[in-house]
Amino acid sequence: MGGGFYISKFVGVVGIVFGAGAVATVIALAVVYSQEVAKNEAVSPTNGGSTVKPPVTTPGGSTVVPQVTTPVIPTTAPSNEAWDKYRLPDTLKPEHYNLTLWPRLTVNAQGLYIFTGKSYVVFQCVKETDLILIHSNKLNYTKWGDDHLAKLSALGSTPVPTIKKSWLQPTTQFLVLELNGKLAVGESYQLDTVFVGELADDLGGFYRSVYLEEGEEKVVATTQMQPTDARKAFPCFDEPAMKAIFHITLLHPPTTNALVIMQKCCIMILNKTSSYCPTSFDETKKMSTYLLAFIVSDYDYINSTSDNVLIRIYARKKAIADGQGEYALNKTGPILKFFEKYYNATYPLPKSDQIALPDFNAGAMENWGLITYRETALLYDPNMSSNSNKERIATIIAHELAHMWFGNLVTLRWWNDLWLNEGFASYVEYLGANEAEPDWNIKDLIVLGDVHRVFAVDALASSHPLSSKEEDIQKPEQISELFDAISYSKVRSSIFSTYLNTFAYDNTVYTDLWDHLQMAVNSTGTSLPTGQTVHSIMNRWVLQMGFPVVTINTATGMINQQHFLLDPATAGSVPPSDFSYVWIVPIRWMKTGLLQKQTWLEDKTVTGESWILANLNVSGYYRVNYDNANWERLLNSIPVINRAQLVDDAFNLARAKYINTTLALRTTKYLRREREYMPWESALDNLDFFYLMFDRSEVYGDMQAYLKYQVEPLFKHFENITRNWTDVPNGHTDQYNQVNAIRVACSTGMEECQTLTKGWYSQWMKDSAKNPIHPNLRTTVYCSAIAAGGAAEWEFGWTQFKAATIAIEADKLRFALACTKQPWLLNKYLEYTLDATKIRKQDATSTIVYIASNVVGQSLAWDFMRDRWSYIFTQYGGGSFSFSNLINGVTKRFSTEFELKQLKQFQADNSEVGFGSGTLAVSQSIERTTANIKWVAENKKSVQEWFYAEVPK
Ligand code: BES
Ligand code: ZN
């Protein structure tokens, strides 16, 4: 397709490699940018392209719902016609759309919220055809005089063929028009439609979000198009490569404001009695449908300008009045400036709006010029928000702003390349956030946030390569499934971290990025392994799933690599790879405290009496194993650098049976002396698996005793430095570790800790207007107090949850309410998750997962999910992105044959309903459970003995 510039894997990967060094990405993107601008100019109305028509008038003409059609579906048996395929044919290319939408913010006579729309699209015929396929989902059309669902006209001189047959094809989500003659190549045509859709509370397409303000229920009409829901708002060629220009008009009550990705161009004032007014917006740049957004609300906003870009933060009136938008407003300008410099390209639009929505499925969405957020991801209040909330806001803003160039200006051609889009944004979000909060050392947190997260799933035989084949990604649910940890985190952890320090480059003239990179490597004398090129090295990380474990044997001097699988028994079910699961691994290593020169695995042999530590700063996407003697030497002197990684490697190598579990446990012994956050967090993340496996067994008591003993000095440390919990530690990560200290001390039964948290909470219960708990500690303190308490503590928490004026406070309580040990309260809470008046739909799945994380709630949540699967699945949207979280979350403790049987039964029972974006999660859960069963059988006894022996009696 001609329109726009797209990321090919080729450009993208190199862009990413360069991106790490910033300067050269800039070259890549600048080139991309200039091409994009040229393309846009070529089709703009002032430059000889076809003109965009003036806004259309009210669809339907009144508040009466237009006549609704019944879909006409041919009764023929399933065939292999074009409309049975999910992808658009390559015959037509959209040029511009003119769209008017009118959301009704009150219910109609049938008790429904609806929107009506009128739209036309001008498209060019690029290959002769007598068929028009345009995406359309859950829309009903008003018939035209000729009894068809759309009107077709020609813009050129060629006569337009008449429509033979028109119908909707719900499975593939098309509006189909069969014509009596052919469309002519090179000619432009216009397709007009008038339609109506439901403004449902389903978080997709054009949908409604509802909130209470001063006792009054307010409705926001808003959108979430990515990946495939633009077609639920209006008929469109809904694929990312089908870029076009959009001219949008919104009809809305005069008391509300309308927002679109562009600025308003004209507001037509109707007479005062009118119940709506139309607002039109400047035409957009050439762009993909998934990046559109339109919103009608009665929100307030705050604004500023930064280098001629208008920055606005929109939110509920009360939130704006309380100053909750200030932090985001203050940080947006600097982050935008940072990216302009980083990409060497000015921000492509005149304005940047960001809006917080009470109901929103993802965390945030990078609509071009109108970024949407869930409230917790944008709104901040220093008296209510923790440092972790603040970090999330800074990083998520940086992530979405990064997409304004990489993703929006330069767009993936098809969803199989999603990993480039999300992976790149997930990397540069750290750079942007670091700019916003330079004191946080935020880049260090990549190891915990991503490397560990993605290692966990990428070590399963049911993992997948970063890049999928285009033809394997067809259906909407297959697209949704791609938004997983591999896409988000592997790029960052593998490509960047592996090659950041490996390839040298300079920023000479851009010719061909691969060649350029290769030339730079040649000119600086960076040696690549024999026979390898930049291209061949990169392919191994992108085209095959998984990652290697590098084994260093200091006794024999041998180093080798192997595909790391959490369960070695699954090796047989791993799909074949063109690269035989061999990687080209750069080694950064250290010998008895001395940094060694970077080399490639192939070139290396090591021997020695002293300790050797490889993969310094976790710069490579691989795990490292050593011979026992070296492990012993490392354990005795645990070097400061890499402590967190050493712990994580040891635990995972033990899971995969490379080393003994007790050796892994031994890496936690020194924690009594450790005060730093990273190693603690790494150890706690790993011990979490032991809790999941053993908190229903006799191992639990000894494990608790060990951890209580280990955390004591940390708890005392924070008690001291905060002067008996009255101060806040200075450092960002120290504040995190203070939370760890309290969480672990309280949950392992340290009395002093429990007295502290119960005391704070009951003080709050006595005077609910005065919360004495510091925002950093609230989640943990609430959880601990509700776990120790009964109905009174729970009900108080619930009341505060409903009364919270900022979403992040509500979220802390929503988490803590799942901590109660009372089954009846947990069951009541589970019921609430399917009542949208109690728990918002956006929060339902995470709440169920919280309950399942509680050892008492585990089986209750599993029963609940099994029982209601078909309801949850249909009510909560087949494409929603949390089904995989739900399934993985509810089954993560599974470790018995009986549970495995139930899981398989669940899979079989629901084969008809399906699992949508959770399909892969079901097979991952089965694989994980199988591995857990074996692991428990093999380790239970030795683990219990070890814990028992390590606690002084
Ligand atoms: N494009 C995504 C949002 C999205 C995800 C839409 C899946 C539709 C389906 C956005 O850029 C994003 O990645 N958001 C993340 C936050 C980010 C900081 C990782 C999210 O929503 O969690
Ligand atoms: Zn993203």
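1. Let me start with the cysteines: numbered in sequence order along the chain, the bonded ones pair as 1-2, 3-4. The structure holds 2 disulfides, a disulfide being a pair of cysteine sulfur atoms within 2.5 Å. Before you read on, please note that this is a predicted model, in which local features need pLDDT of at least 70 and side-chain atom pairs count only at pLDDT 80 or more, while totals for chains, interfaces and linings use all residues. Residues are numbered from 1 along each chain as its sequence is written, chains are lettered from A and ligands numbered from 1 in the order in which they are written, and side-chain values use heavy atoms, with hydrogens and water left out.

2. One of the disulfides is formed by Cys 746 and Cys 753, with sulfur atoms 2.0 Å apart. The torsion about their S-S bond is about -95°, so this disulfide is left-handed. Both Cys 746 and Cys 753 are buried, where buried means under 20% relative accessible area, exposed over 50%, and partly exposed in between (1.4 Å probe, protein chains only).

3. Cys 783 is joined to Cys 819 by a disulfide with an S to S distance of 2.1 Å. Here the S-S torsion is about -100°, so this disulfide is left-handed. Cys 783 sits in helix H19 (residues 778–788) and Cys 819 in the loop between helix H21 (807–816) and helix H22 (823–832), so the pair ties together parts that are 36 residues apart in sequence. Helices (H or I, at least four residues) and strands (E, at least two) are DSSP runs, numbered from the N terminus. Cys 819 counts as buried because its relative accessibility is 10%.

4. Cys 125 counts as buried because its relative accessibility is 1%, and Cys 236 because its value is 0%.

5. Now to ligand 1. Of the 16 residues around ligand 1, those that come nearest are Gln 226, Gly 363, Glu 366, Glu 400 and Tyr 488; a residue is near if one of its heavy atoms lies within 4 Å of the molecule or strand. By class, this shell has 7 nonpolar, 5 polar and 4 charged residues. Ala, Val, Leu, Ile, Met, Phe, Trp, Tyr, Cys and Pro count as nonpolar, Asp, Glu, Lys and Arg as charged, and the others, Gly among them, as polar.

6. As for atom pairs, a polar side-chain atom of Gln 226 lies 2.6 Å from a nitrogen atom of ligand 1. A polar backbone atom of Gly 363 is 2.5 Å from an oxygen atom of the ligand, and one of Ala 364 is 3.2 Å from a ligand oxygen atom. Taken alone, ligand 1 exposes 510 Å², and the protein buries 87% of that (Shrake-Rupley accessible areas, 1.4 Å probe). Strand E20 (364–365), helix H5 (387–403) and helix H6 (418–436) are the elements that give two or more residues to the shell; the largest share, 4 residues, comes from H5.

7. Finally, strand E2 (residues 92–103): 11 of its 12 residues are buried, so E2 is largely enclosed by the rest of the structure. E2 runs antiparallel to strand E3 (residues 114–125), with 11 bridges joining them, and Phe 115 in E3 is the bridge partner of Pro 103. With strand E12 (residues 245–252), E2 runs parallel, joined by 6 bridges; there Leu 99 stands opposite Ile 248. Strands pair if DSSP finds at least two bridges between them.

Conventions:
A polar contact is a pair of N or O atoms within 3.5 Å; within protein, one must be able to donate a hydrogen and the other to accept it, and residues adjacent in sequence count only if both atoms are side-chain atoms.
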